[in-house]
Amino acid sequence: MINTLLYVFCIILEIITICLIVIYSTNLKDHSSYYYGFNCWFTSIMLLDNLLRCLPFSRGDGINSRDVNEEVSFLCHSQAFLLTLFDKLTILSVTVFAIFSYLEKIREEFFKEKRKILLIISIIIIIIFSLFCTILFFIQGISDRSQFCYVETKTDLKKLVDSIVTGLFGFFDFVFTILIFIGNKCCNAVKESISLVINLITFIYVLFLINRILPFDGYIKDFIYVLLCLIANLFMVINKEVWNYIKKVFHCDKNDNNEISNKEVNLSENFNDDNFNGNN
């Protein structure tokens, strides 16, 4: 049975990510920065990941097709592969963001010169890691017993490799976030403190999810995962520039009035008595 709450939440997340992509695409300022490229990359992954979760290709009755000797559809196989891939890309991208934030704030000169190539290299690395994990997990078998098709999560190999990769990138994320915190002399690192807490919670939850040691099961674990992704997504992509752009969009009437007033002031200055007499 499809869980309505989870799917409604996924749709809300999709709307938010689409809006963010539109904002970055229409705001032509500083498209060369790594923030623009990374945020579009991250929001696109989140959009595709959660869109796939809304497609009912699985049985959803708690029974695997292979357990009753039924053939699993190609669409189910595709959903399992892509969802696993996007989940890995999402969690690994969080670490890349922390490393880039460290380079930008602490190694500013080096980062300005190398940011484009670093972005490309980083994306290639997380794609390779994600593909390796996905292919390895995929050949162990898939499951179609829950709300969506996914790789089989009960195998020991999947638990071991996934825990090592997630734990390793989680450790890097922790270290670089701490370095940012120390580099900003602690008192000026409010955002880094919040980021550290959010990332720690996310990585710990994913590790618990991988090793199936959560005190609950079913749609609740997926709901919490999507919620954490939403928080991480919004916290990572909404910076001061984006927030100002959002306020500008939703206060267009006020801006229009200000523009009209400015035009009237300019006209009055251009056509005052002194200017008129001078022209004569």
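Because the model is predicted, local features are taken only where pLDDT is at least 70 and side-chain atom pairs only at pLDDT 80 or more, while totals for chains, interfaces and linings use all residues. Residues are numbered from 1 along each chain as its sequence is written, and side-chain values use heavy atoms, with hydrogens and water left out.

Two packed helices are described by the angle between their axes and the distance between the axes. Helices here are DSSP runs of H or I with at least four residues, numbered from the N terminus. The axes of helix H3 (residues 74–106) and helix H5 (residues 156–183) come within 9 Å and cross at roughly 25°, where axes are lines fitted to C-alpha atoms over the stretch in contact and angles run from 0 to 180 degrees between N-to-C directions. H3 is therefore roughly parallel to H5, a term that applies to angles under 35 degrees. The crossing of H3 and H5 is left-handed, meaning that the near helix is turned anticlockwise from the far one by less than a right angle.

In the contact between these helices (heavy atoms within 4.5 Å), the residues from H3 include Leu92, Ile99 and Tyr102, and those from H5 include Asp162, Phe169 and Phe176. The residues of this contact divide into 12 nonpolar, 6 polar and 4 charged, with Ala, Val, Leu, Ile, Met, Phe, Trp, Tyr, Cys and Pro counted as nonpolar, Asp, Glu, Lys and Arg as charged, and the others, Gly among them, as polar.

Side chains of opposite charge can pair when their charged atoms come close. The structure holds 5 salt bridges, each a side-chain nitrogen of Lys or Arg within 4 Å of a carboxyl oxygen of Asp or Glu. In one of them, Arg53 meets Asp49 at 3.5 Å, N to O; these residues are 4 apart in helix H2 (residues 34–53), and so are separated by about one helical turn. Arg53 is buried (under 20% relative accessible area) at 3% relative accessibility, and Asp49 is buried at 1%.

Arg53 also forms a salt bridge with Asp87, with the closest N and O atoms 2.8 Å apart. Since Arg53 lies in H2 and Asp87 in H3, this pair ties together parts that are 34 residues apart in sequence. Asp87 is likewise buried, with a relative accessible area of 7%.

Salt bridges that share partners join Asp49, Arg53 and Asp87 into one network.

Conventions. Helix = DSSP H or I, 4+ residues; strand = E, 2+ residues; numbered from the N terminus. Parallel < 35°, antiparallel > 145°, perpendicular 65-115°, else oblique. Buried < 20%, exposed > 50% of the residue type's maximum accessible area, 1.4 Å probe, protein only.
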